[in-house]
Amino acid sequence: MAANFSRRKFLLYGSATLSTSLLLKACSSNSTTTGGSPGFKIAIALPGVISDQAWNQSGYEGVQLAKQKLGAETSYVEQIAQADQTEVLSDFARRGYNLVFAHGGQFDAAIEQVAPQFPNTFFIGVNGAVNGSNIAALRIDHLQASYLCGIIAASMTKSNQLAYIAGQQFDATQQELRGFELGAKSLKPDIKISSTFTGDWNDVAKAKEATLALISSGADVIYQWLDTASAAVLQTASDKGVYAFGNTKDQLEIAPKAVLTSAVKRLDLAIAYLAELAKQNQLKGQIYTIGLEKPDILSLGKFGAIVPEPIKQKTLNTKEEIVAKKITFEKCQEGGKDTRCVKKTTA
């Protein structure tokens, strides 16, 4: 949705006699439908722009891949503000889309509100924590990848202080933060990890400000999960001589002097996989979680030249232990709260 398209104008359009399809076109010049088989229609609602080289681009690419593999008709709308999520999802359903992806855990409440009204449309919350008769969630096991990054961070820090930055606080980001903490503390139990949620996945100024504040407080390794704003974190870290991690895409080239590695999440492949299940009428109302056991979907990116070989090897060995289920992350209570804890076996 264009930045200058105000909420007030959106409501005025919504109350007019124009169709909801016209509403969406007014809302975003980038609301696009591309041809394919008229028998199967896939749409995706995106919180950011498809050119962010991160989260939103991977979602868009997933729907395009599904179009190629399945011959589906596809559509997308970018930059959906939280206040407008229910209307956008409802519009796709009214227009007969079989499968609607809502690309981010922040869509969960909107999915739960809209889905019961449109039983013939299947809604998938990417990064979500929802399920129902026509609702599924697609989850990357963020905790597994961030655990590995935590090991690297603890090995590279000099200040014994790490930091995590994300756009919003919901289940997926909490899981990723928890994994980062567990990985780091597996090496250094007394290490300190602080976290910041900027409230905006794409605001470059907020991302830079948050990064500078964390560096000023002593953090010398930063794990970020942002969209368009991710490059600002990585470049600021590089400018200040501290380390950072890429996320979603392999982001080493953005700041090669700072990036240790990236948590690469091939959401495009995961989205296309669930779309194929949907077309075969095999999609179920459950949470689909994909981890390191599928390295084509979840993996570490290229290591920066600054990471010593022994640290690389330890990290890769730990990855194999996770895949072999010698290291698992079990539900537990800590400080009176439900969380995840590490369980190690020798079997």
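**Exercise 1. Find the side-chain partners of E61, and describe where E61 sits in this predicted model.**

Step 1: Start with the side chain. The side chains of E61 and Q57 are joined by a polar contact of 2.8 Å. Another polar contact, of 2.9 Å, links the side chains of E61 and K249.

Step 2: E61 belongs to helix α3, which covers residues 55-70.

Step 3: Look beyond the sequence neighbours. Once residues within four places in sequence are set aside, E61 is in contact with K249 and D268. The C-alpha atoms of E61 and A272 are 9.1 Å apart, although 211 residues separate the two along the chain.

Step 4: E61 has a relative accessible area of 26%. Buried means under 20% and exposed means over 50%, so E61 counts as partly exposed.

**Exercise 2. Compare the end-to-end reach of α3 with the expected value, then list the buried residues of α3.**

Step 1: Take the length. α3 has 16 residues, and 22 Å is expected at 1.5 Å a residue.

Step 2: Compare. From its first C-alpha to its last, α3 reaches 23 Å, which is close to the expected value.

Step 3: List the buried residues. They are W55, N56, Q57, S58, G59, G62, V63, Q64, A66 and L70. Q57, a polar partner of E61, is on this list.

Step 4: See what comes next. G71 follows α3 and has a positive phi, near 70°.

**Exercise 3. Which residues and elements line the largest pocket, and how much space lies in the pocket?**

Step 1: Get the volume. The largest pocket holds about 470 Å³ of space.

Step 2: Find the centre. Of the 21 lining residues, D141, Q144, T289, F329 and R340 lie nearest the centre of the pocket.

Step 3: Name the contributing elements. Two or more lining residues come from each of β6, α6 (142-156), α7 (171-187), β12 (287-290), α11 (309-323) and β14 (327-334).

Step 4: Sort the lining by class. The count is 9 nonpolar, 6 polar and 6 charged residues.

Step 5: Check one contributor, α6. Its 15 residues should span 21 Å at 1.5 Å a residue, and its end C-alpha atoms are 21 Å apart, so the two values agree. Of those 15 residues, 14 are buried, so α6 is mostly covered.

**Exercise 4. Is R139 buried or exposed, and what does R139 touch?**

Step 1: Locate the residue. R139 lies in strand β6, residues 135-140.

Step 2: Apply the cut-off. The relative accessibility of R139 is 9%, so R139 counts as buried.

Step 3: Find the polar partner. The side chain of R139 makes a polar contact of 3.0 Å with the side chain of D171.

Step 4: Widen the view. Not counting residues up to four places away in sequence, R139 touches N127, G128, A129, D171, A172, Q175, I287, Y288, T289 and I290. One of these, T289, is also among the residues nearest the centre of the largest pocket.

**Exercise 5. Describe the largest cavity and follow one of its lining residues, N127.**

Step 1: Count and size. There is 1 cavity of 30 Å³ or more, and the largest cavity has a volume of about 50 Å³.

Step 2: Read the lining. P47, W55, G104, G105, Q106, N127, F170, W201, W225 and D227 line this cavity. They divide into 5 nonpolar, 4 polar and 1 charged.

Step 3: Follow N127. N127 sits in the loop between β5 (122-126) and β6 and is buried, because its relative accessible area is 3%. Its phi is positive, about 75°, although N127 is not a glycine.

Technical notes: Residues are numbered from 1 along each chain as its sequence is written. This is a predicted model: local features need pLDDT of at least 70, side-chain atom pairs count only at pLDDT 80 or more; totals for chains, interfaces and linings use all residues. Side-chain values use heavy atoms; hydrogens and water are left out. Helices (H or I, at least four residues) and strands (E, at least two) are DSSP runs, numbered from the N terminus. Buried means under 20% relative accessible area, exposed over 50%, partly exposed in between (1.4 Å probe, protein chains only). A polar contact is a pair of N or O atoms within 3.5 Å; within protein, one must be able to donate a hydrogen and the other to accept it, and residues adjacent in sequence count only if both atoms are side-chain atoms. Contact means heavy atoms within 4.5 Å. On a 1 Å grid over the protein atoms alone, a cavity is a set of points where a 1.4 Å probe fits but cannot get out, and a pocket is an open set with protein on both sides within 12 Å along at least five of seven lines; lining residues have an atom within 4 Å of a point. Grid points are joined across faces, edges and corners, and a volume is the space filled by probe spheres set on the points. Ala, Val, Leu, Ile, Met, Phe, Trp, Tyr, Cys and Pro count as nonpolar, Asp, Glu, Lys and Arg as charged, and the others, Gly among them, as polar. The expected span of a helix is 1.5 Å times one less than its number of residues.
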